[in-house]
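User: I would like to learn how to read helix packing, a chain contact and a nonpolar core in a model. Could you take me through them in turn?

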Amino acid sequence: MTAARGELIAIEGVTKRYLTSSGPVEALHDVSLSVGEGDFCTLIGPSGCGKSTLLGMLGGLVAPDEGRLLVDGQPVTTPDPRRVATVFQDAGLFPWRTALQNVEFGLELQGVPAARRRRTASELLGPLGLSGFAEKYPRELSGGMKQRVAIGRALAIDAKILLMDEPFGALDEQTRVLMGEWLLDIWRRTLKTVIFVTHSLHEALFLSTRVAVMTARPGRIKSMLELSMEYPRSMESPEMAALRAKLWSEIREESLRAMR
Amino acid sequence: MRVLWLRLGLLAALLAVWEVAGRAANPLLAVPPSAVLPALRDLLLLRSYPELPASLWLTLREIGAAYMLAVAAGLGCGFMLGMHRLVGRVWGPMLAALYAVPAVVWYPSLMLFFGLEAASKIAFGFLLGFFPITLAVLAGVRQVNPQLVTVAHAYGAGAVTVFRRVMLPSMLFTLVGGLRTGLALCVIGVIVGEILGSKAGIGTLINHAYGLLRTADYVALVLVTLVLVVGSDVLASLLERRAQRWTE
């Protein structure tokens, strides 16, 4: 597997086992993956195939049992918010903080002075489409807005890598499509390297430069799809339809195995 | 405003009923408000019980000591039980069972251990205040959303930062509620302790007046105690509201 640009993330032979009440379960088996700088790499696969575990390892929140993960050539051992920012599945906003204060959170932890982090966070709210919502609390925001605040919190610390664990999974279909368009815009402007976990074929094909299809448990990389079409992509083109059919047949096979 | 008037009206009605009923009953057992007022005046002018200020001061110090001990031990035990799952699972149910025992059954042994002076009152107030604080901390720790802890870790938070930025704000409400209940129970514990057996303090005066059938003085002392208790609760509720504003 070759990366288009310089390699930024290297996952080398990673295996992870969990101890459950019914014995050890292998979540990931010998996974290797290389992601280049500026890539939008999507992990797609059946439920329980270890996608989130892989993301947790890249974020330094989960330690692998075997193998290693490198970011910028350095092994990942603990969370390093200067290099990696994570967006979690259900936003994970602090309910006692306003939207603005939530966006500021990472900067606050890094000891950025109050005035400066306030400025950085305020400037982010515009492109997030949250200009009038700085002083709102999470409970006053819609699902899509909450997720944008969470993405703002990740963008604020200006790490090179953005890990996104099904960020739009809990949203309705329409909001989801719009959020995808919005994220694409953000990604192209900020030149982040994104690792994106999803169940949605549409999201994978619409957003990614590369798609990694994972197998049912224990998770492995089944195949790698390189997408070179220009953005914004037309989802109705014959080329896209063919890609969609190909991707679906691979995922279908694994999902069926996972159901058994 | 309307509520206030209704409340005053109700109070006046109650006083009127009390007056009528008090006059009809044996004056040794029941006293009407008209008899309490002079007793209250004598009490406040230090004619009937010149040791009132010293007694109040002693009781307040006992409450203060009991409460400080209860807060320190309650927070300590609560967090220890809440953070270590095994310890919590072993001790949690025992604590809840102990809390269910009417605490007053321990008082005789506390008097044996700590004597008739302030120490046994402090111990009893502590015993009453300790449980609600500990249990509130335990409940609060369980309220913390583990995902928020993960988020904080991902953004580089260590244990201290997680405690300060995630755990404390998550549990603040429950915690402050427990601290408030704890204070109320400390006050009760100290005063009950004094009434049950002591040499000084407001409870001793109450006991004295009641024992000598000086019913009017007794009621006046109870009114003073009431002011003390209500005052401490108002103070606590102000703190609670402040914490509430801070969380939101």
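User: In which handedness of crossing does α5(B) pass α6(B)?

Analyst: This is a predicted model, in which local features need pLDDT of at least 70, side-chain atom pairs count only at pLDDT 80 or more, and totals for chains, interfaces and linings use all residues. Residues are numbered from 1 along each chain as its sequence is written, while chains are lettered from A and ligands numbered from 1 in the order in which they are written. A crossing is left-handed if the near helix is turned anticlockwise from the far one by less than a right angle, and right-handed if clockwise; here α5(B) passes α6(B) in a right-handed crossing.

User: At what angle do helix α5 and helix α6 of chain B pack?

Analyst: Two packed helices are described by the angle between their axes and the distance between the axes. Helices (H or I, at least four residues) are DSSP runs, numbered from the N terminus, and axes are lines fitted to C-alpha atoms over the stretch in contact, with angles running from 0 to 180 degrees between N-to-C directions. For α5 (residues 107-114) and α6 (residues 118-143) of chain B, the angle is about 140° and the axes are 8 Å apart. Angles under 35 degrees count as roughly parallel, over 145 as roughly antiparallel, 65 to 115 as roughly perpendicular and the rest as oblique, so α5(B) and α6(B) are oblique to each other.

User: Which residues make the contact of α5(B) with α6(B)?

Analyst: Two residues are in contact if their C-beta atoms, placed from the backbone, lie within 7 Å. From α5(B) come Tyr107(B), Leu110(B), Met111(B) and Phe114(B), and from α6(B) come Ala119(B), Ser120(B), Ala123(B) and Phe124(B).

User: How many residues does the contact take from chain B and from chain A?

Analyst: The contact takes 13 residues from each of chain A and chain B. On the side of chain B, the largest share, 6 residues, comes from α7(B).

User: Which residues have the most contacts inside the largest nonpolar core?

Analyst: A nonpolar core is a set of buried Ala, Val, Leu, Ile, Met, Phe, Trp, Tyr and Cys residues joined through C-beta atoms within 7 Å, where buried requires 20 or more other C-beta atoms within 10 Å of a residue's own. The largest one has 120 residues, and those with the most contacts inside it are Leu58(A), Leu163(A), Ile195(A) and Cys186(B). Its largest share, 14 residues, comes from α6(B). Leaving aside neighbours within four places in sequence, Ile195(A) is in contact with residues including Val35(A), Leu58(A) and Leu163(A).

Technical notes: Helix = DSSP H or I, 4+ residues; strand = E, 2+ residues; numbered from the N terminus. Buried ≥ 20, exposed ≤ 12 C-beta atoms within 10 Å, placed from the backbone.
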